[in-house]
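Biologist: I have a chain open and want to go through it with you. Can we start with the terms and then take it piece by piece?

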Amino acid sequence: MEEKKGLSLGALTAAVVTSSIGSGVFTLTSSLAGGAAPGPVLLAWLVVGFGIMMLALSLNNLLLKQPESEGIQAYAQAGFGNFAGFVSGWGYWLSAWLGNVAFATVLMSSLGYFFPVFKGGQNIPSVIFASIVSWTLTFIVNRGVESAAAMNTIITICKLIPLFAFIVIGIFVFKGGIFTAHFWSNVASGVAGNTSVSGQFRSCLMIMMWVFVGVEGASMLSSRAQDKNDAGKATIIGIISLLVIYVLASVLPYGYLSQSELARIDQPAMLYIFQAMVGKWGGVFIGVGLVVAIVGAWLSWTMLPADTTMLMAEEKLLPASFGKKNKNGAPTFSLVLTASLIQVFLVVLLFSQEAYNFALSLCTAAIVVCYIFVGLYQIKFSLQNKDMKQLWIGIFAAAFQVIAIVLAGLHFLMLVCIGYLPGIYFYYRAKKDYNLDGGKLTKAEIFWSILIVAFAIISVFMVATGAIKI
C-alpha cells in the first residue's frame, strides 16, 4: 500500500503553533500590565482568540476552495478589483517590514541585558547596531541565502524551550492572593485613563493581535496536508494551543508580581521576570534563546516583504522593477527599498516614547487591512456558493477586525496611511507601464486614493501638534 505524502495532523498542528510564535510572547506581560489588570486581560484573550479563529478558518476555507490564489492580496483582488488587491498587498508589505522594526527593538533590549550600552533598546548605539544587523540580513538574502530547515529547527527550539520552562516555573510560584488582589481594577503605576474594564480591554487589543500576526502563513500550510480534512482540524487545534500558551505566559506573572511591578519591568519582560523567579541564570537562559530566535525570525521576515511585492508585480499591481530578480534569484530593488524604510523607522524610534509598542501597533494596524479583505471575500465567496456556515465565519472574521481596530485606536490606521503614499504612486506607474485602464486611475481609484492621502495628511498634522503621540 502506497504511503500518503504530505503533512499529518500532528505535523500541521505543530506548524501552526511554531510559525505563529514570535518575539511578541516574550514581551506580553509588561505590555499588557501597563494598561490592564488580569480580569480584563483574560476577557480580551477570549474575544481575540475567537476573532483570530474565525480569520484562520476563513483563510483555510478559501485556500482549500481556491488553491490557485497566490498571496494574501489575491483574495482582495479577486473579490473587489485591482485597487483592493494593491491596498491589501501593500498593507501586508508594510506590516512585514514594520514587524522587523519591532524585532529590532526587542533584539536590542535583549542584548541590553548582556551589554548595558544597549539597555532599553532605544538609544543611538542600539540604532547603529540594529541598522548593521538589518543591512547584513538584507545582504545575505540578496545573495540568495534564505533560512534553511536546520536553522528553523534551531530557532523553534530556542523559542519553545525557554517558553515552556517559564510557564512551568510560573505555575509553581503562582500565588492566588496576588493574582486576585486587584483582579478587575487597573493599579499600574503611571497609567492614566484605563480604569474602566472597557478601557483596559481596549488597551490589550493591539498587543494581543500582534502575537497572532503570521497565522495566515500557518493556514497556507493546509495545501500540504495528507488529508484535506485535517487542515481545518489542525487550524482549530493550533489556534487553541497558541491561545493556551499566550494566556499562561502573559497571565501567570500576575500571580507572582503585582500589576504595577510588572508594568515597570523592562522589555523583554519575560527575561527579567524569569530572573526574579529563579535567579541570574534564568535571565541568561531566556536572553540567549530570544536573541537566536529573533535573528532567525528577522532573516525569514527580511525575505517576506520582497516576496509580497514580487507577487504584486506579477499581478501588475506594481511596476516590473519590484519583481526583477538578480542572478541569485533575489529581488534587489524590493530588498533595498524595504531596508531603507526600516532604517528610517529605526531613527524615528529614538523619538518614540514607547518604541516597541508603537512599532507593533503600526504593524498590526497595517495587517488588519489585509485581514478585513479576507473576511469580506469569505462573505462574498460564501454568498455566491450559498454556504451559510462559511458565511457566518466570514461575518465574524471581518466584524472582529473592524471592531478591534476601532476600539484599539483608529489613529494607528491613519498613521499607516502615510506608508501608502509611495505605494499609490507605484500603483499608478504600474497602470501606465502595463497600459491598464488606459494608463489612468479609474474614478473609484481616484476617490480612494484621495481619501488615503487625506488621512495621511491629517495624521501628520496630528503628530506635529501632539494630538497623536508616538
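Modeller: Terms, then. Helices (H or I, at least four residues) and strands (E, at least two) are DSSP runs, numbered from the N terminus. This is a predicted model, where local features need pLDDT of at least 70, side-chain atom pairs count only at pLDDT 80 or more, and totals for chains, interfaces and linings use all residues. Residues are numbered from 1 along each chain as its sequence is written, and side-chain values use heavy atoms, with hydrogens and water left out.

Biologist: How many helices and strands does the chain have?

Modeller: There are 18 helices and zero strands.

Biologist: And what is the mean pLDDT?

Modeller: The mean is 82, and 88% of the residues reach 70 or more; pLDDT is the predictor's confidence in each residue, from 0 to 100. Over residues 189-193 it is below 50, and that stretch has five contacts in the model beyond near neighbours in sequence. A contact means heavy atoms within 4.5 Å. Where pLDDT is low, the predicted coordinates should not be read in detail.

Biologist: How much of the chain is buried?

Modeller: Buried residues make up 55% of the 470. Buried means under 20% relative accessible area, exposed over 50%, and partly exposed in between (1.4 Å probe, protein chains only). As for contacts between residues at least 6 apart in sequence, 82% join residues at least 24 apart.

Biologist: Which residues does W93 touch?

Modeller: W93 sits in helix α5 and counts as buried because its relative accessibility is 2%. Leaving out residues up to four places away in sequence, W93 touches P305, T308, T309, L337, T338 and L341. W93 and T338 are 245 residues apart in sequence, with 8.9 Å between their C-alpha atoms.

Biologist: Why does D230 count as buried?

Modeller: D230 has 13% relative accessibility, so it counts as buried. D230 belongs to helix α11 (residues 228-251) and, beyond four places in sequence, touches L9 and L12. The C-alpha atoms of D230 and S8 are 7.6 Å apart, though 222 residues separate the two along the chain.

Biologist: What about Q390, buried or exposed?

Modeller: Q390 is buried, also at 13% relative accessible area. Q390 is in helix α17, and its contacts, not counting residues up to four places away in sequence, are L57, N61, K65, Q378 and S382.

Biologist: Switching to α18. What span should it have?

Modeller: Helix α18 (residues 443-465) has 23 residues and should span 33 Å at 1.5 Å a residue, which agrees with the 33 Å between its end C-alpha atoms. The expected span is 1.5 Å times one less than the number of residues. In α18, E445, S449, I452, A456 and S459 are buried. An α-helix has 3.6 residues a turn, so residues three or four places apart point the same way.

Biologist: What covers those buried residues?

Modeller: The cover includes α5 (82-114) and α17 (388-433). Just after α18, G466 takes a positive phi of about 90°.

Biologist: Last topic, the surface. Which residues form the nonpolar patch?

Modeller: L43, L46, V47, W184 and V197, with about 430 Å² of accessible area together. Helix α3 (residues 38-65) gives the most, three residues. L43 lies in α3 and is partly exposed because its relative accessible area is 35%.

Note on methods:
Patches are made of residues with over 30% relative accessible area and no salt bridge: like charges are joined within 9 Å, nonpolar side chains (Val, Leu, Ile, Met, Phe, Trp, Tyr) within 5 Å. Accessible areas come from the Shrake-Rupley method with a 1.4 Å probe; for residues, only the protein chains shown count as cover. A salt bridge is a side-chain nitrogen of Lys or Arg within 4 Å of a carboxyl oxygen of Asp or Glu.
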